[in-house]
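Good morning, everyone. Please have a look at the sequence and the fold on the screen. I'll go through strands first, then charges, then rings.

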Amino acid sequence: MDQPNNVFQLVAEVAEREVIRYTPAGIPIVSAILQHRSEPIEAGIKRLIEFEIAALAVGEISGRFSKAQLGNTFWFTGFMARKSRNGRSLVFHITDFAAIEANASSGNKAEIAD
């Protein structure tokens with residue numbers, strides 16, 4: 001399989017974020033809580049989806065993520081992994097993100113900022 005099979009994308013707001021810390025190996029890491037809200041159509045019916053998800057930015061991306069404005073909405077890309085080796089809960093590992101801005105003139109609710 002040429003494409004990775006664990007790719008997760010999410011539009012969410014940065015609800016909480018910890019300060020940058022370092023692993024024993026010296027790798028920077030930032031933990032956060034992302035908040036998502038959407039209304040997708042399922043079986044012809046609009047459904048309200050709201051949830052919070054634990055997230056991590058590890059390595060080079062952590063510096064940029066540590067400066068992301070709390071409360072702003074971003075398009076996140078990454079993958080899901082267990083929070084701990086023997087745990088069952090998941091955490092979203094952020095590998096990239098881009099700001100999303102409202103654009104009323106185009107009729108779209110939001111678009112990715114350059």
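Which residue in β7 stands opposite Glu13? Thr73 does. Before I go on, please remember that this is a predicted model.

Let's stay with the strands. Strand β7 covers residues 73-82, and it pairs with β1. The two run antiparallel, and six bridges hold the pairing. Strand β1 also pairs with β3. That pairing is antiparallel as well, with four bridges. Take Glu16 as an example: its bridge partner in β3 is Ile33.

Now the charges. How many salt bridges are there? The count is four.

Start with Arg37 and Glu50. Their side chains form a salt bridge, at 3.2 Å from N to O. Why does this pair tie together separate parts of the chain? Arg37 sits in strand β3, residues 28-38, while Glu50 sits in strand β6, residues 49-58, so the bridge ties together parts that are 13 residues apart in sequence. And are these two residues buried or exposed? Arg37 is exposed, because its relative accessible area is 54% and the cut-off for exposed is over 50%. Glu50 is exposed too, at 52%.

Next, Lys46 and Glu39. They form a salt bridge, and their closest N and O atoms are 3.8 Å apart. That still counts, because the cut-off is within 4 Å. Lys46 is exposed, with a relative accessible area of 55%. Glu39 has 38%, so Glu39 counts as partly exposed.

Then Glu42 and Arg47. Here the N to O distance of the salt bridge is 2.9 Å. Glu42 is partly exposed, at 44% relative accessibility. Arg47 is partly exposed as well, at 43%.

On to the rings. How many aromatic pairs does the structure hold? Six. Let me pick two of them.

One is Phe8 with Phe92. The ring centres lie 5.0 Å apart and the planes meet at 75°, so this pair is edge-to-face. Phe8 is partly exposed, with 24% relative accessibility. Phe92 is buried, at 0%.

The other pair is Phe65 with Phe97. Stacked or edge-to-face? With the centres 5.7 Å apart and the planes at 85°, the pair is edge-to-face. This one also links distant parts of the chain. Phe65 belongs to helix α1, residues 60-65, and Phe97 belongs to strand β8, 32 residues apart. Phe65 is buried, with a relative accessible area of 0%. Phe97 has 7%, so Phe97 is buried too, because buried means under 20%.

One last contact. What lies over the face of Phe97? Arg64 does, at 4.2 Å from the ring centre.

To recap: β1 pairs with β7 and with β3. Arg37 and Glu50 bridge β3 and β6. Thank you. I'm happy to take questions.

Technical notes:
Residues are numbered from 1 along each chain as its sequence is written. This is a predicted model: local features need pLDDT of at least 70, side-chain atom pairs count only at pLDDT 80 or more; totals for chains, interfaces and linings use all residues. Side-chain values use heavy atoms; hydrogens and water are left out. Buried means under 20% relative accessible area, exposed over 50%, partly exposed in between (1.4 Å probe, protein chains only). Rings of Phe, Tyr and Trp (its six-membered ring) pair if their centres lie within 6.5 Å; planes under 30 degrees apart count as stacked, over 60 as edge-to-face and the rest as tilted. A charge sits over a ring if NZ of Lys or CZ of Arg is within 6 Å of the ring centre and within 35 degrees of the ring normal. Two strands pair if DSSP finds at least two bridges between them.
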